[in-house]
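This report describes the nonpolar core of one protein model and the helix packing around it. The sequence and the structure come first.

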Amino acid sequence: PPKKTPNKLSQLRHVELADECESIKTNTNYVLAGFMTHWRAGSRACSRLNFCEFVFSIFFKSPISTVVQSAAFALSNLARGEQIVAEELLQAGIAPILIKLLTPGNSSIDVVVEVAWVLSYLTSKPSCVPVFVSGGIVDILVHFLGSLAQDTPHNPQAVTPMLRSLG
């Protein structure tokens, strides 16, 4: 067989990695959808707290930004629900994770947008606000908004949930 040149090998590996990332993203969406379906149906095997802990431990630690983005999207759908859901998210430890992901330089803009929506929905519940304020979120959001104001073109998808979080 003919020898493959390093260039061809690297191109092939790049395609394989892209396919693998797309597969992980697709599987992640299926897993999240399954958990949310069972949770909404009231399955005892999949409590909200277990779901949150699962998402936090697996998906928010992923080096693949689309996986983190999908996890944040799933949690934003949950966070905009009832007060009890927001309290369970806080109890599961979401505040420091969101604060870390929103700290400039820690996440892609796509992840920041989804995480900012989670924060927006949580801070719309008065009992959640002190947890985030004491974690330093106000300074982080103000700094981030200042950075976004310097960008051209502006990114309204990130600005809107951040402004909502600030009230």
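In this predicted model, the largest nonpolar core comprises 34 residues. The residues with the most contacts inside this core are I94, L102, V118, L122, F132, I137 and M162. At least two core residues come from each of helix 3 (65-79), helix 4 (83-91), helix 5 (94-102), helix 6 (109-123), helix 8 (137-150) and helix 9 (156-166). Helix 6 is the greatest contributor, supplying nine residues.

V118, one of the residues with the most contacts inside the core, touches A72, L75, S76, A79, I94 and L98 when neighbours within four places in sequence are set aside.

| Helix pair | Axes come within | Crossing angle (roughly) |
|---|---|---|
| Helix 6 and helix 9 | 8 Å | 25 degrees |
| Helix 8 and helix 9 | 10 Å | 150 degrees |

The axes of helix 6 and helix 9 cross at roughly 25 degrees. This angle is under 35 degrees, so helix 6 counts as roughly parallel to helix 9. The crossing of these two helices is left-handed. On the helix 6 side, the contact is formed by I109, V112, V113, A116, W117, L119, S120, Y121 and T123. Helix 9 contributes Q157, A158, T160, P161, M162, R164 and S165 to the contact with helix 6.

For helix 8 and helix 9, the axes cross at roughly 150 degrees. That value is over 145 degrees, and helix 8 is therefore roughly antiparallel to helix 9. The crossing of helix 8 and helix 9 is also left-handed. Here V138, L141, V142, F144, L145 and L148 of helix 8 meet A158, V159, M162, L163, S165 and L166 of helix 9.

With R164, the S120 side chain forms a side-chain to side-chain polar contact of 3.0 Å.

Terms used
Residues are numbered from 1 along each chain as its sequence is written. This is a predicted model: local features need pLDDT of at least 70, side-chain atom pairs count only at pLDDT 80 or more; totals for chains, interfaces and linings use all residues. Side-chain values use heavy atoms; hydrogens and water are left out. A nonpolar core is a set of buried Ala, Val, Leu, Ile, Met, Phe, Trp, Tyr and Cys residues joined through side-chain atoms within 4.5 Å. Buried means under 20% relative accessible area, exposed over 50%, partly exposed in between (1.4 Å probe, protein chains only). Helices (H or I, at least four residues) and strands (E, at least two) are DSSP runs, numbered from the N terminus. Contact means heavy atoms within 4.5 Å. A polar contact is a pair of N or O atoms within 3.5 Å; within protein, one must be able to donate a hydrogen and the other to accept it, and residues adjacent in sequence count only if both atoms are side-chain atoms. Axes are lines fitted to C-alpha atoms, for helices over the stretch in contact, and angles run from 0 to 180 degrees between N-to-C directions. Angles under 35 degrees count as roughly parallel, over 145 as roughly antiparallel, 65 to 115 as roughly perpendicular and the rest as oblique. A crossing is left-handed if the near helix is turned anticlockwise from the far one by less than a right angle, and right-handed if clockwise.
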